[in-house]
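Trainee: I have a structure open and would like to go through it with you. Can we start with the strands?

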Amino acid sequence: MTYNRESKKNKLKSQVITPENEDKPHKRHISAKIVIAVAACIAAIALFAYLLYNRKFSTFYDVIWEEELFDEGSKADAFREYIPYADGMIRYSKDGASYIDSDGKTIWEKSFQMNSPAADVNGEYAVIADEGGSSIYIFNETGNTGTTTTLLPLTKAVVSQYGVVFAILKDKNAEWISAFKPDGGAIDLSVKSIISGDGYPVDISVSPDGSQLITSYVSIENGVVSNKVIFRNFGEIGKNTDARRIVGGFSDEFQGKLVSRVHFSDEVYSQAFYGGGIVFFSNKVLTSPKVVNSVGYSEEMLSIAYSDKYVAVVLRQESEEAKAPYRLEIFRTDGKLQGTAEFDFQFENMAIQGDEIIFTGKNDVHIYRCNGSIKAELEMDGDDPDTVIKTKIPGEYIAAGGNKLIKFKLR
């Protein structure tokens, strides 16, 4: 009986709320509130930073450094092009090429003689070829890795991110697509196209790993332009097809149209550009590429640009509802619309770099984000840049033009 009474007392005591046993669940409740509040603050700060980044607009810049490439009146006018590469740019001309990093330091130089040099970059490799000639120079960040001279005149050369080069070679009655190693050695791989049957190859693009090739062929049939876009696979998949390694072809989408540009964005997505629109392809099934989206325009397409992440087009607007004479449309590589913008400035060049689209014109630069919002509108104080290249540091760029390089930072 004594035991039962003590047991009942202890049970009653345990049910009585005291400051000691009340504090523990209260502390847990406070801790949970603190965690939630901290998480909410972090989310709010992240959202604010995101909105600030996507709404910040700059009209001024500060020069970090400036470099004269040549003395006034020297060879500066001979340089034809600047292209983004690695941590800086490659500049090339008929007389040679050089790689300049983001600090303005020349990493390597290579002299050559070309009549019509053209360059292509993919990952850490670049190729410069003499269109109409026979010279091909292959580079990476260390310098010239290989050189080759073709037996036939070449009309186009592209490079994969591993340094494999594909080139279109022109014969009297046929066109050949040949491949070369990074050291310039020939690869035992050649595709022949009979001009009278297959048509004339207008443009080619290689996938980053070098295993896939997309080619645009044009021909005239009964006085009407006929265009075909052909996919080839040079990997194990392609061995199971015919000798030409064809795994897919499209022509109905391009009747009466000229596909002047084709592009592989990555191993899966590619695009074909014609005068009235863009066709987006998917190679998820390597043996059966398919169209995932097709965009057509009644307006004039003034300019196109593409990268491994985005595709952009500028259209001339003539409708009364238009707020400005030009419209920018930005797509992801699978054809989904990412952003749009209307503008009224003139431009000479457009390029996609990272998540930005950079327009250069006479003494001015306009930078848009790939969601369509404008980031900067700059007057370059008479420097007239031909190219503006985004560096790896946010807000910093290199403007190249004439005989001058300028590295600047947005305010």
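Trainee: How many bridges join β26 to strand β27, and which way do they run?

Mentor: Five bridges join β26 to β27 (residues 356-360), and the two strands run antiparallel. Within that pairing, A351 stands opposite I358 of β27. Strands here are DSSP runs of E with at least two residues, helices are runs of H or I with at least four, and both are numbered from the N terminus. Two strands pair if DSSP finds at least two bridges between them.

Trainee: What should I know about the model itself?

Mentor: This is a predicted model, in which local features need pLDDT of at least 70 and side-chain atom pairs count only at pLDDT 80 or more, while totals for chains, interfaces and linings use all residues. Residues are numbered from 1 along each chain as its sequence is written, and side-chain values use heavy atoms, with hydrogens and water left out.

Trainee: Back to the strands. Which sheet does β26 belong to, and in what order do the strands come?

Mentor: β26 is in an open sheet of four strands, ordered β26-β27-β28-β29, with antiparallel pairing. β26 (349-353) and β29 (374-379) are the edge strands, each pairing on one side only. From one strand to the next the twist averages 15 degrees. For such angles, axes are lines fitted to C-alpha atoms (for helices over the stretch in contact), and the angles run from 0 to 180 degrees between N-to-C directions.

Trainee: What is the order in the open sheet that has β6 in it?

Mentor: That sheet of four strands goes β6-β7-β8-β9, with antiparallel pairing. Its edge strands are β6 (117-122) and β9 (143-149), and each pairs on one side only. The twist there averages 20 degrees from one strand to the next. β6 pairs with β7 (residues 125-130) over six bridges in the antiparallel sense, and N122 has Y125 in β7 as its bridge partner.

Trainee: How many helices and strands does the chain have?

Mentor: Three helices and 32 strands.

Trainee: New topic: rings. How many aromatic pairs are there?

Mentor: The structure holds 23 of them. Rings of Phe, Tyr and Trp (its six-membered ring) pair if their centres lie within 6.5 Å; planes under 30 degrees apart count as stacked, over 60 as edge-to-face and the rest as tilted. The rings of F343 and F359 have centres 5.3 Å apart and planes at 50 degrees, so this pair is tilted. F343 lies in strand β25 (residues 337-343) and F359 in β27, so the pair ties together parts 16 residues apart in sequence.

Trainee: Are F343 and F359 buried or exposed?

Mentor: Both are buried, a label for under 20% relative accessible area; exposed is over 50%, and partly exposed is in between (1.4 Å probe, protein chains only). F343 also forms a tilted pair with Y368, at 6.4 Å centre to centre and 45 degrees between the planes. That pair links F343 in β25 with Y368 in strand β28 (residues 364-369), 25 residues apart.

Trainee: What are the accessibility values behind that?

Mentor: F343 has 3% relative accessibility and counts as buried. Y368 is at 5% and counts as buried.

Trainee: Which residues do the ring pairs link into a cluster?

Mentor: Y326, F343, F345, F347, F359 and Y368.

Trainee: And charges? How many salt bridges does a search of the whole structure find?

Mentor: Twelve. A salt bridge is a side-chain nitrogen of Lys or Arg within 4 Å of a carboxyl oxygen of Asp or Glu. One of them joins K404 to E66, with the closest N and O atoms 3.4 Å apart. K404 lies in strand β32 (residues 404-410) and E66 in strand β1 (residues 61-68), so the pair ties together parts 338 residues apart in sequence. E66 is partly exposed, with a relative accessible area of 46%.

Trainee: Where is E329 in this?

Mentor: E329 meets R327 in a salt bridge, 3.0 Å from N to O. Both E329 and R327 are buried.

Trainee: What about E396?

Mentor: E396 forms a salt bridge with K407, and their closest N and O atoms are 3.4 Å apart. Both residues are buried.

Trainee: Last one: how much of the chain is buried?

Mentor: 46% of its 411 residues count as buried.
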